[in-house]
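Student: Hi! I've just opened a new structure and would like a hand finding my way around. Can we go through it together?

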Amino acid sequence: MIDTQTDDARTWLQSVLQLMGFPDGVQVVEAPDDPGGQRWLEIAEQALSPTQKELLLSREGEGLDALQFLLNTTMHLQTDSNQPYTVELAGHRLKRQQQLAEMAWEAAAQVRSSGEEFVFGALTAAERRQIHMLLQDEPDLSTFSRGKEPERRLVVRPRTADAAEESPDAALD
C-alpha cells in the first residue's frame with residue numbers, strides 16, 4: 001500500500017515530466033536492498049522515446065539526478081519530512097548502487113591492507129551517503145566527508161582514536 005506522502009511525490013514527479021513533454025508512467029516500486037530506506041519511483045522506460053531516455057540518462061544520469069534532487073527538496077519543504085526518494089529509470093540506479101558497493105568494498109580492502117586512508121573521487125551527496133551506510137558497521141573502518149562542494153570527497157580510513165576528531169557526516173552528507 002502506498003502512503004499519501006509517497007503518492008504525492010509520485011504525482012509531483014509525473015506532473016514535472018508531463019510539463020517536459022514526457023508521457024504518463026511513474027510507478028512506486030519496491031525498493032531493492034537500499035540501506036538508506038528510500039522510496040523508489042520508477043519512470044516507465046517503454047513509454048519514453050530514445051531522445052527522452054537519453055536526456056535523463058546522459059552524462060551518468062545527470063538529468064535523473066536533477067529530477068531526484070528537485071523531488072526530494074520539494075517534498076521536504078512541503079511535508080517537513082526527511083523521507084528520501086529515489087527516481088529510477090532503466091535500472092540506472094540499481095546498476096550504480098552495485099558499482100558503489102563494489103567501490104566501497106575495494107576501498108575497504110585497500111585501507112585494511114595498506115593502513116592508509118582512501119579518498120574517493122567525485123561522488124554525489126547521495127552516493128557518498130550510500131557508501132557511508134555500507135561501511136558504517138565495519139568495526140575497523142571509519143568514513144567521513146572532507147571539503148566543500150564541488151570538491152567534497154569521501155574518505156575511508158582505519159578506525160583509530162584520532163578518527164573521532166573528524167566529524168562523520170553520513171546522515172548530513
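Student: Which backbone atom lies 3.1 Å from a polar atom of the side chain of glutamine 52?
Tutor: That would be the backbone oxygen of glycine 21. Keep in mind that this is a predicted model.

Student: What else does the side chain of glutamine 52 reach, at 2.9 Å?
Tutor: The side chain of glutamine 52 also reaches the backbone nitrogen of serine 49.

Student: And which residues does glutamine 52 touch, if I skip those up to four places away in sequence?
Tutor: Glutamine 52 touches Gly21, Phe22, Pro23 and Ala47.

Student: Okay, so is glutamine 52 buried or exposed?
Tutor: Glutamine 52 counts as buried because its relative accessibility is 16%, and the cut-off for buried is under 20%.

Student: Where does glutamine 52 lie?
Tutor: Glutamine 52 lies in helix α2, which covers residues 50–79.

Student: How far apart are the end C-alpha atoms of α2?
Tutor: They are only 34 Å apart, although α2 has 30 residues. A straight helix would reach 44 Å at 1.5 Å a residue.

Student: Which residues of α2 are buried?
Tutor: Besides Gln52, the buried ones include Leu56, Leu57, Gly61, Leu64, Leu67 and Leu71. The buried residues of α2 pack against α1 (4–19), β2 (39–43), β3 (85–88) and α3 (92–114).

Student: What follows α2?
Tutor: Aspartate 80 does, and its phi is positive, near 55 degrees.

Student: Let's switch to the sheet. What is the order of its strands?
Tutor: The order is β1-β2-β3, in an open sheet of three strands with mixed pairing. β1 (26–29) and β3 are the edge strands, and each pairs on one side only. From one strand to the next, the twist averages 30 degrees.

Student: Do β2 and β3 run parallel or antiparallel, and how many bridges join them?
Tutor: β2 and β3 run parallel, with four bridges joining them. Leucine 41 stands opposite valine 87 in β3.

Student: Which strands does α2 touch where it packs on the sheet?
Tutor: α2 touches β2 and β3, and its direction makes about 145 degrees with that of β3. α3 packs on the sheet too, touching β2 and β3, with its direction at about 110 degrees to that of β3.

Student: Great, thanks!

How values were computed: Residues numbered from 1 in each chain as written. Predicted model: local features only at pLDDT ≥ 70, side-chain atom pairs only at ≥ 80, totals over all residues. Heavy atoms only, no water. Helix = DSSP H or I, 4+ residues; strand = E, 2+ residues; numbered from the N terminus. Expected span 1.5 Å × (residues − 1). Buried < 20%, exposed > 50% of the residue type's maximum accessible area, 1.4 Å probe, protein only. Contact = heavy atoms within 4.5 Å. Pairing = 2+ DSSP bridges. Axes fitted to C-alpha atoms, helices over the stretch in contact; angles between N-to-C directions. Polar contact = N/O pair within 3.5 Å; in protein donor to acceptor, adjacent residues only side chain to side chain.
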